[in-house]
Amino acid sequence: MIPGPTDYHPAVLAEMSRPMVSHYGAEWAATFAFVQAQLGQVLGTESEPFLYAGSGHLGIDAAFHSLFEPGERIIVVENGHFGQRLSQIARSHGLDVTPLAARWGEPLPPAALRAALAASPDVRAVALVHLETSSGMLNPLPTLAAIVKEAGRLLIVDAVSSAGLAPVDADACGVDVLITASQKGLGAPPGLVVVSVSEAAWAAMRARHSPITGWYNNLLLWREYAETQRGYQPYFITMPVNIVRALQKSLEMILSEGLAARFERHAALANRFRAGLEALGLELVAARGYGSPGVTAIRCPPGLSASRWRDELLATTGILVAPGLGPEAERVLRVGHMGYNARWELLDRLLDGIERSLRGRSGSSGAK
Ligand SMILES: *Cc1c(COP(=O)(O)O)cnc(C)c1O
């Protein structure tokens, strides 16, 4: 139960052991188009999402690299490890990044974003993380997106760990580039990045002064290829066909449950887990009301490091969870409850192990 990769449904895993098929030809083109359409439903977009071999970071690289030229200005919302990572990646592409920081687990005040945009008309875009996997916090995407759109800027969203678990509503929020990956809320093994691009973002890529350099991660090339080869070979590279079929199976299960029901089930389970943790006197990293449906980050009791706690819980419950990320890595324990792992029997077993570990330490359940 680390925050991805997760365990996957046996029917999804079974797809991985099927015989190979070619990554071109009418049959594959139809499969691929079907997966793109399913993905579009989950992401809330009418546009055709791109998916290709790589992990989530590749899509973030693609977004900054394809949209912007060195020296251009963007704002990055930084309230966790993955927000900081967005800044790091943007700077690696020569962008001039203005970070807007809030404490990990705390939302950025909307007024701060509004003021920063008003003060900097030359800022071209805002990049933010939806589910901040380091703190277990769900950033209020619709609220922040509305401010970015009102100011007429591009919006880039890292939805690597939220897609499939919470509504991302890419079109309704006006997201210009949305990035996710197969291995978290989408419920399939790692290996596929998903990038959804708005018409405004394509226009921005076409309006660049200098052409996009490089080849594999040039989004415009992917689009041109996809448009000319439709119905035969979706892309110019070999696809990890089995992962695409595993993703197809998972998406089929997600959509047959129904998106609203799935989001609601994850949120309810996460709330119940958090209530159980708080009843044990434990403190959560995400501010109240901002806890996410996919990940919960717990502050470690004094004197207990995250790696020791994790090892102890693995030994007593058979469940593997994760330490934190960044400077407080050893003071935070992170539990993923995504997809096939979002089951109360597992969270209940973990809660029970946590309770026993606290009792074993102090003779009381008080952890503060
Ligand atoms: C997991 C994660 C990533 C990294 O994705 P990779 O697939 O490991 O490259 C990026 N952002 C967030 C919010 C994540 O949870």
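In this predicted model, the largest nonpolar core comprises 82 residues. Within this core, Phe 64, Leu 113 and Ile 156 have the most contacts.

When neighbours within four places in sequence are left aside, Phe 64 is in contact with Ile 74, Leu 86, Ile 89, Ala 90, His 93, Leu 95, Ala 127 and Ile 156. Ile 156, one of these partners, is also listed with Phe 64 among the core residues with the most contacts.

A polar residue, Asn 139, sits in the loop between strand 6 (137-138) and helix 6 (141-150). Asn 139 has a relative accessible area of 3% and is therefore buried, the cut-off being under 20%. The side chain of Asn 139 forms a polar contact of 2.8 Å with the side chain of Asn 79. A polar atom of the Asn 139 side chain also lies 2.9 Å from the backbone oxygen of Val 129. Beyond four places in sequence, the contacts of Asn 139 are with Asn 79, Val 129, His 130 and Glu 132.

The largest pocket has a volume of about 370 Å³. It is lined by 26 residues, of which Glu 278, Leu 284, Ala 286, Ala 287 and Arg 288 are the closest to its centre. Helix 11 (259-279) and strand 10 (295-299) each contribute at least two residues to the lining. By class, this lining consists of 10 nonpolar, 8 polar and 8 charged residues.

Methods
Residues numbered from 1 in each chain as written. Predicted model: local features only at pLDDT ≥ 70, side-chain atom pairs only at ≥ 80, totals over all residues. Heavy atoms only, no water. 1 Å grid on protein atoms, 1.4 Å probe; cavity = no way out; pocket = protein on both sides within 12 Å on 5 of 7 lines; lining within 4 Å. Points joined across faces, edges and corners; volume = space filled by probe spheres on them. Helix = DSSP H or I, 4+ residues; strand = E, 2+ residues; numbered from the N terminus. Buried < 20%, exposed > 50% of the residue type's maximum accessible area, 1.4 Å probe, protein only. Polar contact = N/O pair within 3.5 Å; in protein donor to acceptor, adjacent residues only side chain to side chain. Contact = heavy atoms within 4.5 Å. Core = buried A, V, L, I, M, F, W, Y, C linked by side-chain atoms within 4.5 Å.
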